[in-house]
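Please look over the chain shown here before reading the notes on its fold and helix packing.

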Amino acid sequence: MSWLFLILGVVAEAMSHVALKETNGFTKVIPSALVLMGHLAAFVFLGQAMKGMPIGIVHALWAGLAIVTVTLLSTLIYRQHLDLTTWFGMAFVAIGVAMINLSQGHSH
């Protein structure tokens, strides 16, 4: 169940960050509300995920997965072009997330 909450936290965080671009410095009400609600939801989900997983693991996975998810969403939604070096960096983040997941240092 912790993994479900972690994934929901990543999705909420990523959607919140993508919506942040639309706030125009928090001058647009609906995107601003989405950002605030997304961050609140992310922390609620992460708090639930931490009931069954170590804090450091949850934070590392959340941060890594959120970076990759925000990058992919911004590429799809805003057509932001990223160079090959950036994509290699994203691959390293994904590899790091996989290594953490496969480690013996935590349980599912």
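This is a predicted model: local features need pLDDT of at least 70, side-chain atom pairs count only at pLDDT 80 or more; totals for chains, interfaces and linings use all residues.

Residues are numbered from 1 along each chain as its sequence is written, and side-chain values use heavy atoms, with hydrogens and water left out. The chain holds 4 helices and 0 strands, where helices (H or I, at least four residues) and strands (E, at least two) are DSSP runs numbered from the N terminus.

**Whole chain**
- Read along the sequence, the elements follow the pattern α-α-α-α, and the C-alpha trace spans about 45 × 35 × 15 Å along its principal axes.
- Of the 108 residues in the chain, 31% are buried, a term that means under 20% relative accessible area, with exposed set at over 50% and partly exposed in between (1.4 Å probe, protein chains only).
- The accessible surface comes to about 6700 Å², of which 74% belongs to carbon and sulfur atoms, as computed by the Shrake-Rupley method with a 1.4 Å probe.
- Among contacts (heavy atoms within 4.5 Å) with a separation of 6 or more, 64% are accounted for by residues 24 or more positions apart.

**Helix α3**
- Helix α3 (residues 55–78) has 24 residues and reaches 33 Å from its first C-alpha to its last, close to the 34 Å expected at 1.5 Å a residue, the expected span being 1.5 Å times one less than the number of residues.
- The buried residues of α3, including I57, L61, W62, V68 and L73, pack against α1 (2–20), α2 (29–49) and α4 (84–102).
- Just after α3, R79 takes a positive phi of about 55 degrees.

**Helices α1 and α2**
- The axes of α1 and α2 lie 8 Å apart and the two helices pack at an angle of about 160 degrees, where axes are lines fitted to C-alpha atoms over the stretch in contact, and angles run from 0 to 180 degrees between N-to-C directions.
- The pair is therefore roughly antiparallel, a class for angles over 145 degrees.
- Residues of α1, among them F5, L8, A12 and L20, meet residues of α2, among them L34, G38, A41 and F45.

**Residue A41**
- A41 is found in helix α2 and is partly exposed, with a relative accessible area of 25%.
- A41 and F92 are 51 residues apart in sequence and 27 Å apart in space, C-alpha to C-alpha.

How values were computed. Angles under 35 degrees count as roughly parallel, over 145 as roughly antiparallel, 65 to 115 as roughly perpendicular and the rest as oblique.
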